[in-house]
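Thanks for asking me to look over this one with you. Here are my notes, point by point, to read with the structure open beside you.

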Amino acid sequence: MSPKKSLAACLLFGICLVQPAYAQEVDGTRFRAPEEGSWYHAIEPRSWLHVGGDLAEIEATLLTIEESAAPGEVPDDPTRRGAGSWIGEWQAAGERAFGEAEAIAETGDDDRAEARYMAAMSYFLRASSPHTNDPEQRAALAQAQLAYEKAGQYLPVPLQKLEISQDDGVFTGLLHLPEGDGPFPVVVVSMGSDVTKEELLPYFTKQLSLRGIAMVSIDMPGIGSSASYSFSPDLDKLHAATVEHLKALPQIDAKNIFVQGASFGGTPVARIWAARPELDLAGVVYMCGPLHRPFMAPPEAYSHFPAFTMDGVRTRFGLAPHAGFDEIAEFARTLSFKKQGLFDGGKIKTPILAVLTNDDPVAPIEDLEALLARAEDRLTIVYDEPGHCPQRDTREATAASWILEKIR
């Protein structure tokens, strides 16, 4: 199939496997098939629509990028800049949508203004990905954050920014409140190592707000509003600081604070459950985060991962842009729960919901079972499908229902 036909099919069906073609196995477990394509970025229109994008605009932008590439060139080569490049075209799409939103806002059409701000946010996030310290990516992310804040003012209860202290720094959390008088139960949510907090609004609007549950979205260390931090063995440090901050807010029910995360965002959730019982959380929702074995992979295993993923990982780890696989592997081992002794210890009373697939190379079921041997109140849901993490809407509906059941 030609690249253009492959891209057209991707856009039509919303399922795009066009990562660079690396070997099919990582440490004996299927990770990526060689036929998955030749783009640097993951092409995921369904995800981009989920957070506010428009299909026609997404299609036009991707085709422009593809057609602008020289023969044999990776269409979205991250070193390309200006017209026709990945960052240039998504930046332009974001600026058009943002300008339209500003004009519509003047007319009083709140619904359309909100939709166009969210579209702008989605496109600016594409320009920023994989959210490294590159100045142009950082500038695009700042525009995405502004567009999200503008859209958040149209929520029934306007979005609120929280400035949260941790160590000698400050990071930003975004507080989303349901309608009503409160105080409200709340869930602190983070996503993976290459997904920012601005992609979490659908979880609140579709699931949590309908159940009277508030949400605080935060970025993982090394990305977005938490970029001044980096990964460390105590990867849950920002989540813990957020929990303590929330306990002092009058809008929040301090007895009912939950923490949730998916992919690499699931790792600090599991850690806060295992290492910080003094927080007295009402529950945690762990989804498909690495715990031990992926962190122990040999350096050569990282050559199997897409360059997009590894560029983001270097940034989150606080490493230089061209750090070698030996350096990445050495740091990754410090994150292992087994090496930190978190698989050992007494029973833990805090309820935990674990959601994953039965064939996830990032989150082996065996690692989860070693951790959950300490649980007194656990529910594990394993989706019978391969790959990393269950589909977002499905897993979030499951999580929201479980949280409602566990409110104290």
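**Notes on the model**

1. Let me begin with L63, which has its place in helix α3 (residues 55–68). Helices here are DSSP runs of H or I with at least four residues, strands are runs of E with at least two, and both are numbered from the N terminus. L63 has a relative accessible area of 24% and is partly exposed, given that buried means under 20% relative accessible area, exposed means over 50% and partly exposed lies in between (1.4 Å probe, protein chains only). From the C-alpha atom of L63 to that of R314 is 30 Å, and the two residues are 251 apart along the chain.

2. A word on the ground rules. This is a predicted model, in which local features need pLDDT of at least 70 and side-chain atom pairs count only at pLDDT 80 or more, while totals for chains, interfaces and linings use all residues. Residues are numbered from 1 along each chain as its sequence is written, and side-chain values use heavy atoms, with hydrogens and water left out.

3. Now to the sheet. It is open, with eight strands in the order β3-β4-β6-β5-β7-β8-β9-β10, and its pairing is mixed; two strands count as paired if DSSP finds at least two bridges between them. At the edges are β3 (160–166) and β10 (378–386), each of which pairs on one side only. From one strand to the next the twist averages 20 degrees. As a reminder, strands of a sheet pair through backbone hydrogen bonds, either parallel or antiparallel.

4. Which strand of this sheet is largely enclosed by the rest of the structure? That is β7 (residues 252–262), because nine of its 11 residues are buried. β7 runs parallel to strand β5 (residues 184–190), and six bridges join the two; in this pairing V187 stands opposite F258 of β7. With strand β8 (residues 283–287), β7 pairs in the parallel sense over five bridges, and G261 has Y286 of β8 as its bridge partner. Between β7 and β8 the chain passes through helix α9 (residues 266–275), in a right-handed β-α-β crossover. Right-handed here means that, with the strands pointing away from the viewer, the path from the first strand over the helix to the second runs clockwise.

5. An antiparallel pair is worth a look too: strand β4 (residues 169–176) is joined to strand β6 (residues 214–217) by three bridges. There, H176 stands opposite M215 of β6.

6. Two helices to inspect against the sheet are α7 and α8. Helix α7 (residues 201–208) lies across β4, β5, β6 and β7, and runs at about 170 degrees to β6. Such angles run from 0 to 180 degrees between N-to-C directions, with axes being lines fitted to C-alpha atoms, for helices over the stretch in contact. Helix α8 (residues 237–246) is mostly covered, with eight of its 10 residues buried. Among them are H239, T242 and L246. The buried residues of α8 pack against β3, β4, β5, β6, β7 and α9, where contact means heavy atoms within 4.5 Å.

7. How do α4 and α6 meet? Helix α4 (residues 86–107) and helix α6 (residues 135–152) pack at about 25 degrees, with their axes 11 Å apart. They are therefore roughly parallel to each other; angles under 35 degrees count as roughly parallel, over 145 as roughly antiparallel, 65 to 115 as roughly perpendicular and the rest as oblique. The residues in contact include I87, Q91, E95, F98 and E102 of α4, along with A140, L146 and K150 of α6.

8. Finally, some backbone details to check by eye. Most residues other than glycine have a negative phi, and most peptide bonds are trans. The bond from S129 to P130 is cis, with omega near 10 degrees, and P130 is found in the loop between α5 (110–128) and α6. The bond from G182 to P183 is also cis, with omega near 0 degrees; P183 is in the loop between β4 and β5.

9. Two non-glycine residues have a positive phi. For S263 the value is about 60 degrees; S263 sits in the loop between β7 and α9 and counts as buried at 18% relative accessibility. For D280 the value is about 55 degrees; D280 lies in the loop between α9 and β8 and counts as partly exposed at 48% relative accessibility.
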